[in-house]
Amino acid sequence: MHKGAKIGLAAVCTAMLAVGGYGAYTVFGADGSSTSSAPKPRVVVDGPPAADKAAATAKSFLDAWSKGDLAAASALTDQPDAALTVLTAFKSKVNPSALTLTAESGPPSAKPTSTSAPTTASSSSPSASPKPAESTPAGQMLLGYQAKAEFAGTAAVWSYEGALGLVRMSDGTAAVHWTPHVIHPHLDAGETIAVQPIAAQPGTLQDRHGKSLAGFDSLRPLLTNFKAQAEANPADAGSGVVISDASGGKSEQLFVVTEPKPAPALKLTIDGTLQKAAEDAMKKQSGLMGGLVAIEPSTGNILAIANNPATGFNRALQTAVAPGSTMKVITAAALLEAGVGLNDNVPCKPSVTVSGQTFQNDSPSDTDPAASFLKDFAISCNTAFIEAGMNKLQPGQMEATAKEVFGLGPLWKTGLQIAQPKVPTPSGLNQRAAQLMGQGQLQLSPLAMASVAATVKDGTFRQPILVPGMTQLPADRKMSPATAAALQQMMQAVVSNGTAAGLHLPGGAGAKTGTAQVGNQAKSNSWFTAFSGDLAVAADFENAGHGADFAGPAVAEVLATGNHK
């Protein structure tokens with residue numbers, strides 16, 4: 001029996017040693033019973049790890065990660081489950097064809113922990129400075145590493161600097177302190193790093209000669225309308241490594257894997273030389289709000305758009321008010337079509353009364369009982385146009401001419417947000433009289449009135465456009481050559497011996513001044529529309545005064561620049 005007892009005791013001891021190899025142990029109580037205990041958990045403790053153990057752990061972690069053994073790499077961190085999740089996501093979403101991770105040479109050095117906010121790296125930079133975790137154990141050691149990722153189908157290599165924080169564990173070993181910054185110094189919790197499609201920057205916006213339009217103040221608010229048209233085709237997108245968050249509040253491009261095809265430049269009809277002249281001319285009328293538009297009559301191309309001030313309400317395109325006597329160009333066209341001749345006597349009376357409302361001229365000196373229709377236009381006689389219009393034109397005839405010949409009424413598609421031109425049917429006789437001289441319920445802009453002058457110069461309405469090749473809405477009918485020639489002569493008479501005689505306009509230019517009373521303004525709006533060569537320009541200044549005094553000089557300056565194709 002003693003011999004058998006010895007054998008039994010040896011067996012028990014052997015069993016205890018075997019179990020002890022797994023970290024368990026057995027304690028016998030006084031009554032011969034036993035209790036078992038699980039191993040103590042492995043946790044981070046204060047104080048730095050031994051330098052050699054930290055270096056060895058860092059190398060082992062980087063080796064396992066680069067080889068794709070993510071379970072082994074995760075096990076070398078202080079949060080294996082969290083590390084495995086992020087490392088797996090990096091492998092699947094970034095998907096490098098090869099990953100080389102090299103620890104910095106020499107022993108790791110102890111560095112103070114930091115709670116500073118991360119620094120954002122430039123999207124054009126292939127590397128980024130290491131960013132410490134927001135909360136790290138005391139005594140952590142930081143060890144830098146170099147990362148090099150390669151991608152299938154491209155020779156591009158993504159290189160960046162990373163950092164590992166090494167901590168001491170309760171079992172005396174070292175572990176990588178897990179934080180998303182281990183993957184990349186700019187990756188934070190809740191963010192994703194992945195290869196995503198990247199588009200090229202929108203193409204530049206150019207004038208008709210291929211020059212950049214970026215420097216023009218009046219165009220800056222307008223050009224945002226064309227950014228979508230200048231963006232690259234999604235099919236031409238490249239790819240890049242991008243950090244983003246679920247809310248879309250962050251998107252940081254770290255590296256370009258494949259370059260996107262560049263977006264083509266978008267060329268507009270604007271002429272940079274004329275645009276500069278227009279902006280300079282508007283600025284000279286300091287303190288006044290106004291807008292100016294220049295159009296090429298032979299094409300309908302918009303060559304310049306300028307506002308004063310340059311930002312804010314776009315008066316050049318979105319004004320919708322009565323244009324004053326510049327409207328007499330359209331009234332004159334209707335009267336010419338109705339049979340009134342240039343030399344016909346159309347008396348310029350001091351006043352006329354329509355439906356109980358009295359209309360007068362701007363100046364009593366304009367009175368001339370023997371005035372011809374040509375002179376009436378040159379001196380802008382209100383009473384002559386009202387009386388002739390009421391007697392010679394059928395109700396709605398002037399409005400029909402505006403729509404059918406000058407294209408004012410149908411919806412314009414210019415590529416811009418504009419106030420659509422409106423010449424409505426008058427609500428009564430006095431409103432009809434007012435519209436014949438350019439007042440009443442008319443809603444027109446400098447864009448519309450530049451188009452009117454362009455139609456006279458070319459003889460054909462060409463809907464204004466800003467993007468070459470856009471579909472242009474045609475007018476219902478074309479102005480007769482005789483009417484076009486007569487209107488050109490009438491507008492030239494305004495320059496030679498009419499209300500614009502004091503302005504220095506180019507030879508052969510034609511014009512029409514306008515002074516429009518609007519609401520309770522202290523002064524009238526100043527209007528001017530004109531043509532010279534293959535260039536038509538109109539301007540409007542709010543609460544300024546006579547057309548020849550304010551809008552006229554601005555238009556004259558742009559016309560003097562000329563249309564040099």
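In which sense do E14 and E15 pair, and over how many bridges? The pairing of E14 and E15 is antiparallel and runs over six bridges. The views below come from a predicted model.

**View 1. Five strands make an open sheet.** The strand order is E15-E14-E20-E19-E18. Pairing is antiparallel. Strand E15 (302–308) and strand E18 (510–516) form the edges. Each of these edge strands pairs on one side only. Neighbouring strands are turned against each other by 5 degrees on average, direction ignored. Helix H16 (residues 551–561) packs on this sheet. H16 touches E14, E20 and strand E19 (525–531). The direction of H16 makes about 150 degrees with that of E20.

**View 2. Strand E14 pairs with E20 and with E15.** E14 covers residues 290–295, and E20 covers residues 536–541. These two strands pair in the antiparallel sense over six bridges. Ile-295 has Ala-536 as its bridge partner in E20. In E15, Ile-295 stands opposite Ile-302. The hairpin of E14 and E15 has six residues between the strands. Gly-300 in this hairpin takes a positive phi near 85 degrees.

**View 3. Strand E14 is covered on both faces.** In a regular strand, side chains alternate between the two faces of the sheet. On one side of E14 lie Gly-290, Leu-292 and Ala-294. Because six of the six residues of E14 are buried, the strand is largely enclosed by the rest of the structure.

**View 4. Lys-565 and Glu-296 meet in a salt bridge.** The N to O distance is 3.7 Å. Lys-565 lies in the segment after H16, and Glu-296 lies in the loop between E14 and E15, so the pair ties together parts that are 269 residues apart in sequence.

**View 5. Asp-236 forms a salt bridge with Lys-261.** The closest N and O atoms are 3.9 Å apart. This pair links distant parts of the chain, 25 residues apart. Asp-236 sits in the loop between helix H6 (227–230) and strand E11 (238–245). Lys-261 sits in the loop between strand E12 (251–258) and strand E13 (266–267). Asp-236 counts as partly exposed at 25% relative accessibility. Lys-261 counts as exposed at 54%.

**View 6. Asp-458 and Arg-462 meet through their side chains in a salt bridge.** The N to O distance is 3.0 Å. Asp-458 has 27% relative accessibility and counts as partly exposed. Arg-462 also counts as partly exposed, at 32%. How many salt bridges does a search of the whole structure find? The search finds 19.

Terms used: Residues are numbered from 1 along each chain as its sequence is written. This is a predicted model: local features need pLDDT of at least 70, side-chain atom pairs count only at pLDDT 80 or more; totals for chains, interfaces and linings use all residues. Side-chain values use heavy atoms; hydrogens and water are left out. Two strands pair if DSSP finds at least two bridges between them. Helices (H or I, at least four residues) and strands (E, at least two) are DSSP runs, numbered from the N terminus. Axes are lines fitted to C-alpha atoms, for helices over the stretch in contact, and angles run from 0 to 180 degrees between N-to-C directions. Contact means heavy atoms within 4.5 Å. Buried means under 20% relative accessible area, exposed over 50%, partly exposed in between (1.4 Å probe, protein chains only). A salt bridge is a side-chain nitrogen of Lys or Arg within 4 Å of a carboxyl oxygen of Asp or Glu.
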